[in-house]
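Reader: I would like to learn how to read a structure of this kind. Please take the features one by one.

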Amino acid sequence: AYFLAQLEILCKQLYETTDTSTRLQAEKALVEFTNSPDCLSKCQLLLERGSSSYSQLLAATCLSKLVSRTSNPLPLEQRIDIRNYVLNYLATRPKLAAFVTQALIQLYARITKLGWFDCQKEDYVFRNVIVDVTRFLQDSVEHCIIGVTILSQLTNEINQADTTHPLTKHRKIASSFRDSSLFDIFTLSCNLLKQVSKNLNLNDEGQHGLLMQLLKLAHNCLNFDFIGTSTDESSDDLCTVQIPTSWRSAFLDSSTLQLFFDLYHSIPPSLSPLVLSCLVQIASVRRSLFNNAERAKFLSHLVDGVKRILENPQSLSDPNNYHEFCRLLARLKSNYQLGELVKVENYPEVIRLIANFTVTSLQHWEFAPNSVHYLLSLWQRLAASVPYVKATEPHMLETFTPEVTKAYITSRLESVHIILRDGLEDPLDDAGLVQQQLDQLSTIGRCEYEKTCALLVQLFDQSAQSYQELLQSTNSSSMDIAVQEGRLTWLVYIIGAVIGGRVSFASTDEQDAMDGELVCRVLQLMNLTDSRLAQAGNEKLELAMLSFFEQFRKIYIGDQVQKSSKVSAPLTFYFNCAHGGCFCFRITNLKYWGQCEPITSKTLQLLNDLSVRKLVKLSAVQFMLNNHTSEHFSFLGVNNQSNLSDMRCRTTFYTALGRLLMVDLGEDEDQFEQFMLPLTAAFEAVAQMFSTNTFNEQEAQRTLVGLVRDLRGIAFAFNAKTSFMMLFDWIYPSYIPILQRAIELWYHVPACTTPVLKLMAELVHNRSQRLQFDVSSPNGILLFRETSKMITTYGNRILTLGEVPKDQVYALKLKGISICFSMLKAVLSGNYVNFGVFRLYGDDALDNALQTFIKLLLSIPHSDLLDYPKLSQSYYSLLEVLTQDHMNFIASLEPHVVLYILSSISEGLTALDTMVCTGCCSSLDHIVTYLFKQLSRSTKKRAAPMAQESDRFFHIMQQHPEMIQQMLSTVLNIIIFEDCRNQWSMSRPLLGLILLNEKYFADLRNSIVNSQPPEKQQAMHLCFENLMEGIERNLLTKNRDRYVLFISVPRRLTSPHGLRWMSDDLGGS
């Protein structure tokens, strides 16, 4: 009793207290409880005798952890007992707290999923789920709700991959559940919905709850990942529901579709969003489920249902209903062709209703703005289909698309005054949302482009004239000016979008001329706003200008654009300048908007993207090349008020300048020295500061960070040997010691060390073979010494930081380590250093760098290696180089280090990042090749004794054969049973793994064959026989290539859906 009372108190402290320290102490004590050996019996005691809901929740949660653990799993009998106990507990206590019921149902679902293939006396004991819930469905409403929730939660649980278990096992369970139970569950949900809807009493809270759970169950069934594609919300627009063929009857029967449309009109708005979510999924069933006639009939019923909703739109005033209905409309075009839609009997009326609904929605811009995306998506797809539709029936889009375009444009303009007047949130502040809508409008606006262009010209002229008059007036209010600037901002964005839409359509000379009219208006406006920048400027309008220029550049400026485009005529008429000349006005941004990071960075990116040769002769560009100082460009100054990270745009600026400089630089060292004068002065200033004992640390940091960002931009741009050697001779040996000193002083300040490390990583990167030293030059070795010194200095110091909070570990530690890994990889694979000379002449630079790498690596938990993408990419690419060229070093490492590296490779093989997975395969290939060669040499009659490090490495592998065996199993499973995107890379280490583990491979092969259904075992056995036929016991390139070619045999010999059924039937090893 005392024990129970203590647990009750701890649970109350965990869930109710507001005191952080008390809650942490309670959490610590409860974690110890969950890890105790007698946790299982104590959980049962808590459920039986616990007086609070919190203690019941704790028991359910602990039991879920116990049944989920992969190491030391619970015996089958115990799991069956827990399952039966939970069902009885729920049946005898239907009025538990909702969160306790949910936790217990979650426990049942977890046990059922993980035990799906467990047998007892040839009976799959966890598969009788419908039988399990039948007694709930035949009892009271409360019991019915529990039974339906069990099925819903189970469907959801099986549909979700569990990171603690192999993906192959998840797919096997999900596919078996899909084939054996899911359709029965869906049919049951539809039948129950029909029964409930006949006697619906919405005033009864129990019936209301039952209806909600039934709709959730139906939605979970329809939302099931039927073929293992793991779609997410980001792919919502393109989602096709891959309903199995065995479900055809449910969708050929129009009563299923009619059931959900009838429910929508008969239930309250609080539940109807779930109905619409189900209809969205039903509307998205794969096209191949039907033949043409069946699809036309299904589409006709679907469109009739949509028409009925549009004719009775009262419930759409609810934002959730509105959102789901917009999704439903979008699916009409994403899953059906325009040629099919126009043949529907009521198409003219439906397209009119949809157009009116869209126009009304756009006019009420403040209502559910996140739903507009789906409406614009529908019209974008409709407009894009117009050139391809072959049906004789009229599509009528030439009538309704201009109405949608006009509604969008005018509603955005009209919103400006209301937003400013009422202080509402401005949609223009959400750049991602605006860009998404403009991308859609770019296609819609190009349909009937003459009307779009005429509307934009009219509205732009009105706003521009009003704006100019307000500026000239002495008594105009700031509100009136702000309104016109806001309207012009929207118009400039939209003009840029419709010009960018030219790429989606076959454009005519007349349409190019219309583009010219729009372009000229924007350029005239730019001329006006630039003339006012000394007094005032509008940031949003400037960002709109940059967006416009980016679209214009893509369409009309570039090497692939035809020179005779008609858009040039009005440009020349108004500005008397060639293509691209107008962009030099944007250099004004760098002068006046230097402290505005968004404008500066976008301007620099635009400058970077432009065709360099067309710009370099312009006077404004020459001015930049000769005057890149803070006097002319304020963002190059040292501003003590801003963050060090705000200097990032300087790298982009100097990348652009570096490219411009390279056009005419050649071998002119004087021109290079002249260009570098401001940077030389900055380095000398930092050197002067470091030479004194006391200096302004903040000023030194800012000067150095700005300087190294500038240099990294130049180094990135200089990708030719001649120019890069000038830069190298300039920085080495004069200024490298300053960078080393900065690392020593500020290793704990990532804002300083990150730019320095990135600069060094760029300097040692042999991009385009730019690092080529003369045969008599020691510079390659000297450069590596400096690299080794920097890695060693930073690595040894960063390890002194001690424990770093989890939320700061990447910024303070892992980011710098990741850059060091990238730097080491770049210098090791640069092919400008002979690394054999270091040991030959007793130079410890290489050993220091490699030993520091090991120390840094061991300070990183395995989970972090894959949790941080940049870290994992830099680590695995470095490991690939080390296993390829420095395998003797890997072999000489201590056993725990070798096992750490092998474990990291094993985990990386199943990474989602293809680059990481490929790097792991390559590293593994190098390791097994090394082992096989050493083993082969040791068996020869005249073999030399195995080197000490090789013998040691071989001994480690013999002591831990499970490491290589596990990787063999993983690679083989991925190649044969998963949707492998890099099969060639995955196949490379496989032959070596097999030759090192022939007995284990034979057992694994038999296990895979036996896991197949009896009728498929013979075919799979033949696949494996063919796989090794004619393959010799060596790792020569010819033998490898032949094996890699043969490895696809098991996939090719199966049916088109063989990969799917095989992945379904393999549980992993």
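Author: What follows goes from a pocket to ring contacts and then to the backbone. This is a predicted model, in which local features need pLDDT of at least 70 and side-chain atom pairs count only at pLDDT 80 or more, while totals for chains, interfaces and linings use all residues. Residues are numbered from 1 along each chain as its sequence is written, and side-chain values use heavy atoms, with hydrogens and water left out.

Reader: How many residues line the second largest pocket?

Author: On a 1 Å grid over the protein atoms alone, a pocket is an open set of points where a 1.4 Å probe fits, with protein on both sides within 12 Å along at least five of seven lines; lining residues have an atom within 4 Å of a point. The second largest pocket is lined by 36 residues, and Arg712, Lys758, Ala761, Ile819 and Ser822 lie nearest its centre. Elements that give two or more residues to this lining include helix 30 (649–665) and helix 42 (869–885). A helix here is a DSSP run (H or I, at least four residues), numbered from the N terminus.

Reader: Which helix gives the most to the lining of the second largest pocket?

Author: Helix 38 does, with eight residues.

Reader: How is an aromatic pair read?

Author: A pair of aromatic rings is described by the distance of the centres and the angle of the planes. Rings of Phe, Tyr and Trp (its six-membered ring) pair if their centres lie within 6.5 Å; planes under 30 degrees apart count as stacked, over 60 as edge-to-face and the rest as tilted. The whole structure has 36 aromatic pairs. One of them is edge-to-face: Tyr930 and Phe953, at 5.9 Å centre to centre with 70° between the planes. This pair links distant parts of the chain, with Tyr930 in helix 45 (residues 914–938) and Phe953 in helix 46 (residues 948–959), 23 residues apart.

Reader: Where does the charged end of Lys172 sit?

Author: A charge sits over a ring if NZ of Lys or CZ of Arg is within 6 Å of the ring centre and within 35 degrees of the ring normal. The charged end of Lys172 sits over the ring of Phe117, 4.2 Å from its centre. Arg446 has its charged end over the ring of Tyr449, 3.9 Å from the ring centre.

Reader: What should I look for in the backbone?

Author: Most residues other than glycine have a negative phi, and most peptide bonds are trans. Here the peptide bond from Tyr732 to Pro733 is cis, with omega near 5°. Pro733 is in the loop between helix 34 (721–731) and helix 35 (736–746). Met396 has a positive phi, near 65°, and is placed in the loop between helix 18 (372–385) and helix 19 (397–422).

Reader: Is Ser768 buried or exposed?

Author: Ser768 is exposed, because its relative accessible area is 52%. The phi of Ser768 is positive, about 55°, although the residue is not a glycine. Ser768 lies in the loop between helix 36 and helix 37 (779–798).

Terms used:
Buried means under 20% relative accessible area, exposed over 50%, partly exposed in between (1.4 Å probe, protein chains only).
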